[in-house]
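Subject: Structure handover and findings

Hello,

Please find the structure below. My notes on it follow.

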Amino acid sequence: MENKEAYWQENLRLIFICLAIWFVVSFGLGLLLVEPLNEFRLGGYKLGFWFAQQGSIYSFLGLIFWYGAKMNKLDKKYHAEG
């Protein structure tokens, strides 16, 4: 594999983005912004409650698939698939 350091730097950038999104979703929307989100309703439930219980799970699943797709592209870019 060519240029291992560049590959690793891009991988770390993706990991940092995933961790930042995870933090915002779980801590920010799940705890800090529950009250403002509860002003709205989704399917009969307060949005803050729904997001803390279900929305965060959907976000995490989406994040897993996004990371997988980005890593596949990164592997192809640096010829690391195998």
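A residue is called buried under 20% relative accessible area, exposed over 50% and partly exposed in between, using a 1.4 Å probe and protein chains only. Leu19 comes out as partly exposed because its relative accessible area is 48%.

This is a predicted model, in which local features need pLDDT of at least 70 and side-chain atom pairs count only at pLDDT 80 or more, while totals for chains, interfaces and linings use all residues. Residues are numbered from 1 along each chain as its sequence is written, and side-chain values use heavy atoms, with hydrogens and water left out.

Annotation and overall make-up

An unreviewed UniProt entry places the feature "domain: Sodium symporter small subunit" at residues 5-80. UniProt positions are in the numbering used here, feature names are shortened, and annotations may be inferred rather than shown by experiment. Across residues 5-80 the chain is 83% helix and 5% strand, with the end C-alpha atoms 13 Å apart. Helices (H or I, at least four residues) and strands (E, at least two) are DSSP runs, numbered from the N terminus.

Glu10 and Lys77 form it through their side chains, at 3.0 Å from N to O. Glu10 is in helix H1 (residues 4-32) and Lys77 in helix H3 (residues 47-77), so this pair, 67 residues apart, links distant parts of the chain.

Aromatic pairs number 5. The rings of Phe, Tyr and Trp (its six-membered ring) pair if their centres lie within 6.5 Å; planes under 30 degrees apart count as stacked, over 60 as edge-to-face and the rest as tilted. Tyr7 and Tyr78 have ring centres 5.7 Å apart and planes at 80°, so they are an edge-to-face pair. Tyr7 lies in helix H1 and Tyr78 in the segment after H3, so the pair ties together parts that are 71 residues apart in sequence. Both Tyr7 and Tyr78 are buried.

Trp50, Phe51 and Tyr58 form one aromatic cluster. Within it, the rings of Trp50 and Tyr58 are tilted, because their centres are 6.1 Å apart and their planes at 40°. Trp50 counts as partly exposed at 23% relative accessibility, and Tyr58 as exposed at 51%.

Surface and chain end

Leu19, in helix H1, belongs to a nonpolar surface patch of about 810 Å². Patches are made of residues with over 30% relative accessible area and no salt bridge; like charges are joined within 9 Å, and nonpolar side chains (Val, Leu, Ile, Met, Phe, Trp, Tyr) within 5 Å. Accessible areas come from the Shrake-Rupley method with a 1.4 Å probe, and for residues only the protein chains shown count as cover.

His79 lies in the segment after H3. Its phi is near 55°, a positive value in a residue other than glycine. Most residues other than glycine have a negative phi. His79 counts as exposed, at 54% relative accessibility.

Regards

Conventions: A salt bridge is a side-chain nitrogen of Lys or Arg within 4 Å of a carboxyl oxygen of Asp or Glu.
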